[in-house]
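Hi everyone, thanks for coming along. Let me put the structure up, and then I'll walk you through a few parts of it.

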There are 2 protein chains.
Amino acid sequence: VLGNHRLLDVKKRKMKKNTRTETEFIESIRTMARPGHPDVIMGIGDDCAVIRGPRDQVLLITTDMLLEGVHFDLSWHPPRQLGRKAAAVNLSDVAAMGGRAVAALLSICIPDPELPWIREFLAGFVEVLQQHGADLVGGDTVRGKAGTLLSITILGEMLEKNILYRSGALHDDLVWISGPVGLAAAGLELLKAGPQAKKKFPETWQEFIEAHLDPEPQMELGRLLAESGLVHAMMDISDGLATDLAHMCAASGVGAEIAAHDLPLSKALAEAAKHAGVSAIDWQLKGGEDYQLLFAAPAKNETALRQLAAEHAGGTFFCIGRFQRGSGVFLRTPDETRTDITYQGYDHFR
Amino acid sequence: VLGNHRLLDVKKRKMKKNTRTETEFIESIRTMARPGHPDVIMGIGDDCAVIRGPRDQVLLITTDMLLEGVHFDLSWHPPRQLGRKAAAVNLSDVAAMGGRAVAALLSICIPDPELPWIREFLAGFVEVLQQHGADLVGGDTVRGKAGTLLSITILGEMLEKNILYRSGALHDDLVWISGPVGLAAAGLELLKAGPQAKKKFPETWQEFIEAHLDPEPQMELGRLLAESGLVHAMMDISDGLATDLAHMCAASGVGAEIAAHDLPLSKALAEAAKHAGVSAIDWQLKGGEDYQLLFAAPAKNETALRQLAAEHAGGTFFCIGRFQRGSGVFLRTPDETRTDITYQGYDHFR
């Protein structure tokens, strides 16, 4: 969820805050934290920090803090899935650079440690780590009266020359996503309707609930894209497409325009949105936590990218727009309206 | 404070718990977390995890979670010192292996982010990092209603051949500490008397308050000891001498006997203990957070170690006892009484 770059942004999905002080604050911390160590290649500013590693490799490091009531709801999140998600959302930051997973640290603050709950949580956490070849190497636990809080640090590694930063997008590059977005937002909305309502949902909507409870980090795709040499910039979509694309644009010094009708929209998602009384495009643009990859690639690589998706990933990449000179993210709708959607989503500054 | 090995031990200084389930639980997590990645040299089980690093180096990784009301009290801990301490207690785990600091990640959960407080906290945190050559490379912040919670991850590096694990102590090795212990416990006790009382304390007691609020990680000493080749095992003293020595004994498969009269005791500490109505030896044995180094070395290296302390560290190491066959930690008092003090202190299992 929370990228490495967002040091000391305060999550406030349901909270109002003083914007000015917070922006000031993040600037001051970035200034204070300027890297100086010769083995630190990249500090604050991307999905992961980058540190010189073994052989020709670099190590990627990312950390997230997940708090009950803000990032998850224990009333509908089973412990095993929560454990899986806690690992997945951090692994996704490693995928976002193109890396492989190496190791994880897990710290937990819990009000009342119930052994069966923790065992299930850990089983899920370790299961996803092992699936991606990573070890749980440390952590800490504190008993605290507040809600459950998780702090996860993941280490990855990769060849330095293959790293895909979010800052590499060029104007005229195409905007790609590795899969459909808005599914996790739909799932969250459906879960809010309560356990009784859930039973009445059509089978096709279960995918959305799964997308929210148990997202899949795009490790294999991230690695393939980084090694392909076809891509200029990459990050994962954790805060929502509009916000994350705005992050990529800001980091790259470009703007972008995406087309509403190029966003993949299934019949089931359209129906779920109708049922929930919201617009599907809101879920697609503003809903976070899909953990698909967002990437920038020159137009000449379009065919090669489509082949790569089909051959290796068994799926489809979606080309949804184009980077352009200037700044800001714009949405073009079928009636040719052009709307500024920069940082629409779970923005840290609003 | 909380070593890497203590994954999912629940801190409960003031809490009672079901011992059996917790012990079971830690066993199950260690089993689940068994390292498999070829670049993971050491997982759970020491002050830091060890991962293959650049050149001939390994990377050390350690993480701690510090919670208001459990690990610190904001009513007497100024933000700058708290920031310094948050960095120091984690750097101490790197010192405990003999490593140098490289980078840190800092995540904060705060109820109400007050900019001046956070600025001061961060200034202290970064100050100590910079003093030891480390960069702040990432982190996360969440707004949560509970008290302030800090999650810190530190990366260090060193030559693999110089690593000092806690498991290397041999019977007949001498037990050494890098400086006096019990000072931080005295400081905490004095702080509990409140701000008014503090003003009446003699000048000599300020050192104890400083020891609690702003401890110094023994980075230079740790490195010197690891490079000296004189030492078999090392760890830092964070939970108290009796408990940490018991950890070293258990990891090394030996026991130890220390002599009460060999523990360095200043006149000021004796006076402060008398004032507080406690026994100074309780502070020395059970008081945690001194962050001195505890190490095991063969008797033949005694002179060389004393020289190393005098020449490089400008201080003194204290030889306080001897490792022996068997298990458990025993205290010998001047009247030749021998008391079992295994895990006396802030034990996680009592």
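A quick word on what you are looking at. This is a predicted model, in which local features need pLDDT of at least 70 and side-chain atom pairs count only at pLDDT 80 or more, while totals for chains, interfaces and linings use all residues. Residues are numbered from 1 along each chain as its sequence is written, chains are lettered from A and ligands numbered from 1 in the order in which they are written, and side-chain values use heavy atoms, with hydrogens and water left out.

Back to S8(A). With S11(A) it pairs in the antiparallel sense, again over four bridges, and A:Leu174 faces A:Ala297 in S11(A). Which way do the S8(A) side chains point? A:Leu174 and A:Trp176 point one way, A:Val175 and A:Ile177 the other way, and all are buried; buried means under 20% relative accessible area, exposed over 50%, and partly exposed in between (1.4 Å probe, protein chains only).

Now zoom out. Seven strands of chain A make an open sheet with mixed pairing, in the order S9-S11-S8-S12-S10-S13-S14. Strand S9 (233-236) and strand S14 (338-340) are at the edges with a single partner strand each, so one side of each has no neighbour in the sheet. From one strand to the next, the twist averages 25 degrees. For a parallel pair, take S10 (residues 255-259) and S13 (residues 329-332) of chain A, joined over four bridges, with A:Ala256 opposite A:Val329.

Helix H11 (residues 302-313) of chain A packs on this sheet, touching S8, S11 and S12. Contact means heavy atoms within 4.5 Å. The direction of H11 makes about 5 degrees with that of S8(A); axes are lines fitted to C-alpha atoms, for helices over the stretch in contact, and angles run from 0 to 180 degrees between N-to-C directions.

Next, a helix pair. H2 (residues 79-95) and H3 of chain A pack at about 35 degrees, with axes 6 Å apart. Residues making the contact include A:Leu82, A:Ala86 and A:Leu91 of H2(A), and A:Phe121, A:Phe125 and A:Val128 of H3(A). H3 (residues 115-131) has 17 residues and spans 24 Å from first C-alpha to last, close to the 24 Å expected at 1.5 Å a residue, where the expected span is 1.5 Å times one less than the number of residues. Its buried residues include A:Leu115, A:Ile118 and A:Leu122. After H3(A) comes A:Gly133, with a positive phi near 75 degrees.

Finally, the cysteines. How many disulfides are there over all chains? The search finds zero, a disulfide being a pair of cysteine sulfur atoms within 2.5 Å. For B:Cys319, the nearest cysteine sulfur is that of B:Cys249, 14 Å away. B:Cys319 is buried, with a relative accessible area of 18%, and B:Cys48 is buried too, at 0%.

That's my tour, so over to you for questions!

Technical notes. Helices (H or I, at least four residues) and strands (E, at least two) are DSSP runs, numbered from the N terminus. Two strands pair if DSSP finds at least two bridges between them.
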